[in-house]
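Please work through each task before reading its solution.

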Amino acid sequence: MRLQDKKILLGISGCIAAYKSCFLVRLLKKEGADVKVVLTQSATQFVTKTTLETLSNNPVALEMFPADRFVSTHHISYAEWADLIVLAPATGNLIGKIANGIADDLLTTIVMAKRCPVMIAPAMNTEMYLNPIVQENMSVLHELGYLLISPGSGELACETVGIGRLEEPEIILKRIIAHFQTSQSLAGQRIVVTAGPTREKIDPVRYISNFSSGKMGYAIAAEAAARGAEVVLISGPTALTTPTGVARINIESAEELQRQVQKHAGKKDILIMAAAVADYKSAKVSKTKIPHGALSQIELKANPDVLAELGKSRSRPKYVVGFALEVGSDSKNAVRKLKEKNLDMIVMNDPTQPGIGFGGDYNQVTIFTTKGKPIELETMPKPELAKVILDMIIGKLSRKQA
Ligand code: CTP
């Protein structure tokens, strides 16, 4: 039983595919899950409370304020109870409400109060599904970390053929099982991630920096925390919010970054250096604003190479990952850095390629490790790449330990 003791809250909204959710409840129960079902008002047009109470062996909730009993803050209790919320089928209306912060019934209020991941399996007519507003709402939810199960194609209830069918209950079950397997894949590990640019002060009004947005490092930190790792994120100045479950330490200069990395990344930890460290700083920080005529005389001094120093030190973390920015994807340079900095893995990307790299939501990388061939990956959203990188690290570590 692969879902023993897992608490799953199944939200069903009003769509003919709701009948398939009855099968999903049976499959979840067979795997040992404790299932509670919450229906929207329209869902009751398609399935009954009695059917789902019988299948789940739990009371089924529907109303925010049922007339017959005292409920107090039951939306919060449901949100606290669940290990995973699954919305299947999710109508365009339900998706739209969640993406836009509307909580006007019990199910949407529970989702607003969520503490756990939310998986969404949409089902609707093809035109509705492809409507740009629905697509936009789904991409908002995807970026916020909601897990989407794309609908399948085939015959629809409206007697047309196209995309929009609720994914089969067996496939949704597989995704739920896979979710719980990966969600524990970094339990017991401590990961230190650096992200964003460093800022090297010149005088009270100027600094040397770069265009790093921090998105890649933040995506890695978020994914590592979601998989059960203890995550310390050492971050240069960015406009990003701290991912759930991550301890963030703000730094400005490369020297501050080095101090924090040395303090937090111990021998038993994994270090992922996604920060774009400024290679040079001003040799002397002026206390007063330097007149513009004197700016061309600023003397520069090299910053410490944080990664190289730690990679060679006695307190080197057990797995060290660097990022290499190589214009024209110069793999020789990336391999040289892998060796010279004594890394286990280096992730190479070309920040000058349109649509990827600095500031963008996508990245295209090649990954080099000390053993094995380089792996050239497709262009993908940074959160997806974070998953691939962590899967590779887990694979390498388990082989090391074996
Ligand atoms: N790095 C670091 N300290 C520095 C410079 C870089 O720790 N002073 C780390 C980065 O966080 C990254 C890796 O080293 O993980 C490679 O960074 P990159 O800027 O590509 O390489 P550099 O060594 O600075 O070489 P160059 O800029 O000449 O390509």
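**Exercise 1.** Determine which helices and strands each supply at least two residues of the lining of the second largest pocket.

*Solution.* In this predicted model, the elements that meet this criterion are helix 9 (215-226), helix 11, strand 16 and strand 17 (345-349). Strand 16 gives the most, with four residues. The pocket itself has a volume of about 730 Å³. Of the 38 residues that line the pocket, those closest to its centre are Ala-275, Ala-276, Val-277, Phe-323 and Leu-325. By class, the lining comprises 19 nonpolar, 13 polar and six charged residues.

**Exercise 2.** Locate the ligand and describe the shell of residues around it.

*Solution.* Begin with the site: the ligand sits in the second largest pocket. Next, identify the elements that give two or more residues to the shell, namely helix 11 (306-312) and strand 16 (319-325). The largest share, four residues, comes from strand 16. Of the 14 residues around the ligand, Met-273, Ala-275, Leu-307, Lys-337 and Lys-341 come nearest. Finally, sort the shell by class: nine residues are nonpolar, one is polar and four are charged.

**Exercise 3.** List polar contacts to oxygen atoms of the ligand, and state how much of the ligand the protein covers.

*Solution.* Consider the backbone first. A backbone N or O atom of Met-273 lies 2.8 Å from a ligand oxygen atom, and for a backbone N or O atom of Leu-325 the corresponding distance is 3.2 Å. Turning to side chains, a polar atom of the Asp-279 side chain lies 3.0 Å from an oxygen atom of the ligand. On its own the ligand has 560 Å² of accessible area, of which the protein covers 80%.

Key:
Residues are numbered from 1 along each chain as its sequence is written. This is a predicted model: local features need pLDDT of at least 70, side-chain atom pairs count only at pLDDT 80 or more; totals for chains, interfaces and linings use all residues. Side-chain values use heavy atoms; hydrogens and water are left out. A residue is near a molecule or strand if one of its heavy atoms lies within 4 Å of it. A polar contact is a pair of N or O atoms within 3.5 Å; within protein, one must be able to donate a hydrogen and the other to accept it, and residues adjacent in sequence count only if both atoms are side-chain atoms. Accessible areas come from the Shrake-Rupley method with a 1.4 Å probe; for residues, only the protein chains shown count as cover. On a 1 Å grid over the protein atoms alone, a cavity is a set of points where a 1.4 Å probe fits but cannot get out, and a pocket is an open set with protein on both sides within 12 Å along at least five of seven lines; lining residues have an atom within 4 Å of a point. A molecule sits in a cavity or pocket if more than half of its atoms lie within 2 Å of its grid points. Ala, Val, Leu, Ile, Met, Phe, Trp, Tyr, Cys and Pro count as nonpolar, Asp, Glu, Lys and Arg as charged, and the others, Gly among them, as polar. Grid points are joined across faces, edges and corners, and a volume is the space filled by probe spheres set on the points.
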